[in-house]
Amino acid sequence: MGKLTIFGYLREQWTKLPISTADVSDQSLVVVGANVGLGNEAAVHLAQLKPKSLLITSRDEVKCERSKADVEIRSGMTGIESWPLELCSFDSVRSFVDHFEAKGCIANVLIANAGISTMKYTKTPDGYETTFQVNYLSTALLSLLMLPHLVKAGTPEHASRLVIVSSECHYLANRLKGADKWPSIIETINDEAYCTRSVMMNRYFLSKLLEVMFIRELSFRLPTPTLVAVSAVNPGSCHSRLTREVESNPLFKFAVRIYKGLVARTTEMGSRTLVHAAIEPGERERHGHYLSSCEVTEESDYTLSAEGREVSKRLWHETLEILGDIDPRINTIVSEHLIRDVA
Ligand SMILES: NC(=O)c1ccc[n+]([C@@H]2O[C@H](COP(=O)([O-])OP(=O)(O)OC[C@H]3O[C@@H](n4cnc5c(N)ncnc54)[C@H](OP(=O)(O)O)[C@@H]3O)[C@@H](O)[C@H]2O)c1
């Protein structure tokens, strides 16, 4: 059904999730947004398993240094690479990938975890609404620029993994109705006049839906059997700093604290969902899917509807057009690694 029900939600929130113990000794892993929250806990879990290499990212050099020290101390792993990556800037994404290539790095796993939740309409220096760029456009740019590396590291026996951290909130996204008739979906989504207060209240949900759609569209275009298994993961509602903006209001802070106290998972528990998708066997069964509590789960009804499928397909093409202008490598990657025409 692809629906979020209160009982289903609570049952999941209170479910204890498995801790992954897969052998990653020959794996090179990348975790984006690892200075705090789910990305940080996922990085610690992965580091404890002693991968061949671990590269984590934070927004700036200071956070990079701190998160490297933190993950190394908590896991006992040494030699973790910690690089800056700011998703408000396409240049930062491109520089990150340039650096990755210049150093001849390898990636068996990319966990695209970084994300924000804000109801304020602000634009990045690149001219896109911030939630839209951080959670969707830059995440898509990074994922596609890293695709050749994931393909290179994948084998028929063991596909590489791209894990985008989405959310059950994608079920609540309600701002795309009729979008199949919009002249440009992305232009509309990004338009300040369209982004009224009520639209911005649903913004985070929309960004998480776009991630689910991106993963589905990407999976349709990867050749079978794929060398890269892609999935969108819901970590569940967790105690993290994601709600920092809402919590800046003392009244909401109180309400959020009570709500979280009752239902939220620890970030450590939520991070197990990221780690599971990244390293546990069964990646081909999860390929192209949305996962919740470490299981393949149906996406929202809208995603699966005729309109949702059409919107998803158009979004894919509009996204590639924008990303191709930002970085010409995107066009080469698409022609070399993806099937062009999908019904
Ligand atoms: N917590 C939940 O209940 C929940 C539920 C479902 C899905 N998720 C998803 O889980 C992911 C992680 O969230 P979290 O709960 O761990 O929140 P968090 O504690 O706020 O961590 C978010 C991470 O993303 C980074 N980030 C934010 N904006 C960025 C930017 N412009 N460029 C680069 N990195 C940026 C943050 O860096 P800074 O510290 O520098 O800001 C931080 O490392 C997000 O994608 C979120 O949507 C969370």
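**Entry 1: strands β5 and β6.** I began with strand β5 (residues 160-165) and strand β6 (residues 228-234), which pair in the parallel sense over 6 bridges. For the terms, I took strands (E, at least two residues) and helices (H or I, at least four) as DSSP runs numbered from the N terminus, and I counted two strands as paired if DSSP finds at least two bridges between them. R161 has A229 of β6 as its bridge partner. I noted that the model is predicted: local features need pLDDT of at least 70, side-chain atom pairs count only at pLDDT 80 or more, and totals for chains, interfaces and linings use all residues. Residues are numbered from 1 along each chain as its sequence is written.

**Entry 2: the whole sheet.** I then traced the open sheet of 8 strands, whose order is β3-β2-β1-β4-β5-β6-β7-β8, with mixed pairing. β3 and β8 (295-297) stand at the edges with a single partner strand each, so one side of each is left without a neighbour in the sheet. From one strand to the next, the twist averages 25°. Helix α8 (residues 203-221) packs on the sheet and touches β5, β6 and β7 (289-292); the direction of α8 makes about 160° with that of β6. Here, contact requires C-beta atoms, placed from the backbone, within 7 Å. Axes are lines fitted to C-alpha atoms, for helices over the stretch in contact, and angles run from 0 to 180 degrees between N-to-C directions.

Entry 3: Strand β2 (residues 53-58) runs parallel to strand β3 (residues 81-84), and 4 bridges join them. I found P84 in β3 as the bridge partner of S58. With helix α3 (residues 61-75), β2 and β3 make a right-handed β-α-β unit (with the strands pointing away from the viewer, the path from the first strand over the helix to the second runs clockwise).

**Entry 4: helices α13 and α14.** I looked up the axes of helix α13 (residues 306-326) and helix α14 (residues 329-337), which come within 6 Å and cross at roughly 130°. The two helices are therefore oblique to each other (under 35 degrees counts as roughly parallel, over 145 as roughly antiparallel, 65 to 115 as roughly perpendicular, and the rest as oblique). L320, L323 and G324 of α13 meet I330, N331 and V334 of α14.

**Entry 5: the ligand.** I found 26 residues around the ligand, the closest being G33, G37, A114, G115 and S240 (near means a C-beta atom, placed from the backbone, within 6 Å). Helix α2 (residues 37-48) gives the largest share of this shell, 3 residues.

Terms used
Contact = placed C-beta atoms within 7 Å.
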